Amino acid sequence: MKTKKLGNQGLIVSELGLGCMGMSEFYAGRDEEESIATLYRALELGVTFLDTADMYGPFTNEKLIGQAINDRRDQVILATKFGNVRSEDGGFLGVSGTPEYVRQACDASLKRLGVDVIDLYYQHRVDPNVPIEDTVGAMAELVQQGKVRYLGLSEAAPATIRRAQAVHPISALQTEYSLWSRDPEDEILPTLRELGIGFVPYSPLGRGFLSGQFTKPEDLPTDDYRRHSPRFQGNNFYKNLELVDKVTTIATQKGATPSQLALAWLLAQGDDIVPIPGTKRRKYLEENVAATEITLTPDELSQIEAAAPKGSAAGDRYPAQHMSAVNR
């Protein structure tokens, strides 16, 4: 597994990371034993960049990761996030970026993870009621105290990124980016490249849709939160299925799976881009890792561009009540 540099502060990560959210919540099916086996297999394959957040579970995903890496902490680049506030019973309590909450959340994450330092600490969502300067100022104090090594933001707008960068260097921005979510190409990516900030696309497989595993909305279990996603509903689902069919055709010609083609396309977008496809199963992890060995020709990239041009996906990324919290 090759490595890539995120930002200009010295953060080096595997060129593909592992999103761990689905091991604990949101996607149907729980298997802690298989999840831990997947984490071990990731490290064996050189996928050392693990992504979690305090809200996943809530709180249980960090504990799971901490359990898995307990005796191999030195092999891992550990990223977690704060900002989406949840209660112990799973309720969503809003977003907080107050300095007091930053300190509290970091200490709680360190305890759950069972580590002394977090490698990359993200603000999960920007708090519109707290100046970003105050939030990042508190995050910078965590760096000075040795509790955090590098700072990141998630779903922040270009102007917010610039203001944050003026307070303390930001190493990475995490935002959704894939063949069906190409909005970052407009303003986010140019801003990051101007400032020397790395880019970590989450949901690089369109929450699994780009894998081609879904043929109708009913394929999703009733307890899977994607049932509430606009892109997985009604006519949007079938319009997006047409996009997946086109990607699948190109993948077949390449001797790859649709997932592998989608990841190879993302990796080809720049050396500053590190996707974090999520999975809780070893077989899908191994399939994703194999994408790092795929090289796309200019002609193949053109074919993909024609099949999945910017804005081709139908429906918003999130339900309406959640869209207001992104890119702000």
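Modeller: Two residues are in contact when heavy atoms of theirs lie within 4.5 Å. The model discussed here is predicted.

Biologist: Which residues does R112 touch, not counting residues up to four places away in sequence?

Modeller: R112 sits in helix α3, which covers residues 99–113. With neighbours up to four places away in sequence left out, the residues that R112 touches are D54, F59, E62 and K63.

Biologist: Is R112 buried or exposed?

Modeller: The cut-off for buried is under 20% relative accessible area. R112 has 19% relative accessibility, so it counts as buried.

Biologist: Where do the buried residues of α6 fall when seen down the axis?

Modeller: Helix α6 spans residues 188–195, and its buried residues include I188, L189, T191 and L192. Seen down the axis of α6, the buried residues fall within an arc of 160°, so they line one face of the helix. An α-helix has 3.6 residues a turn, so residues three or four places apart point the same way. For α6, the place asked for is one face of the helix.

Biologist: What covers the buried residues of α6?

Modeller: The cover includes a helix, α5 (158–167). It also includes two strands, β10 (172–176) and β11 (198–202). Among the elements that cover the buried residues of α6 are therefore α5, β10 and β11.

Biologist: Which residue just after α6 takes a positive phi?

Modeller: Helix α6 ends at residue 195. Just after α6, a phi of about 75° is taken by G196.

Biologist: How many Å apart in space are S178 and W265, C-alpha to C-alpha?

Modeller: S178 lies in the loop between β10 and α6, and it is buried, with a relative accessible area of 0%. Leaving aside neighbours within four places in sequence, its contacts are S203, P204, G206, L210 and W265. S178 and W265 are 87 residues apart in sequence, while their C-alpha to C-alpha distance is 8.6 Å.

Biologist: What percentage of contacts between residues at least 6 apart in sequence join residues at least 24 apart?

Modeller: The protein has eleven helices and eleven strands. Of its contacts between residues at least 6 apart in sequence, the share that joins residues at least 24 apart is 74%.

Biologist: What radius of gyration does the protein have?

Modeller: The C-alpha atoms fill a box of roughly 50 × 40 × 40 Å along the principal axes. Buried residues make up 59% of the 328 residues. A compact globule with 328 residues would have a radius of gyration near 20 Å, and this agrees with the value for the protein, 19 Å.

Methods: Residues are numbered from 1 along each chain as its sequence is written. This is a predicted model: local features need pLDDT of at least 70, side-chain atom pairs count only at pLDDT 80 or more; totals for chains, interfaces and linings use all residues. Side-chain values use heavy atoms; hydrogens and water are left out. Helices (H or I, at least four residues) and strands (E, at least two) are DSSP runs, numbered from the N terminus. The radius of gyration is taken over C-alpha atoms; the globule rule is 2.2 Å times the number of residues to the power 0.38. Buried means under 20% relative accessible area, exposed over 50%, partly exposed in between (1.4 Å probe, protein chains only). The arc is that of the directions from the helix axis to the C-beta atoms.
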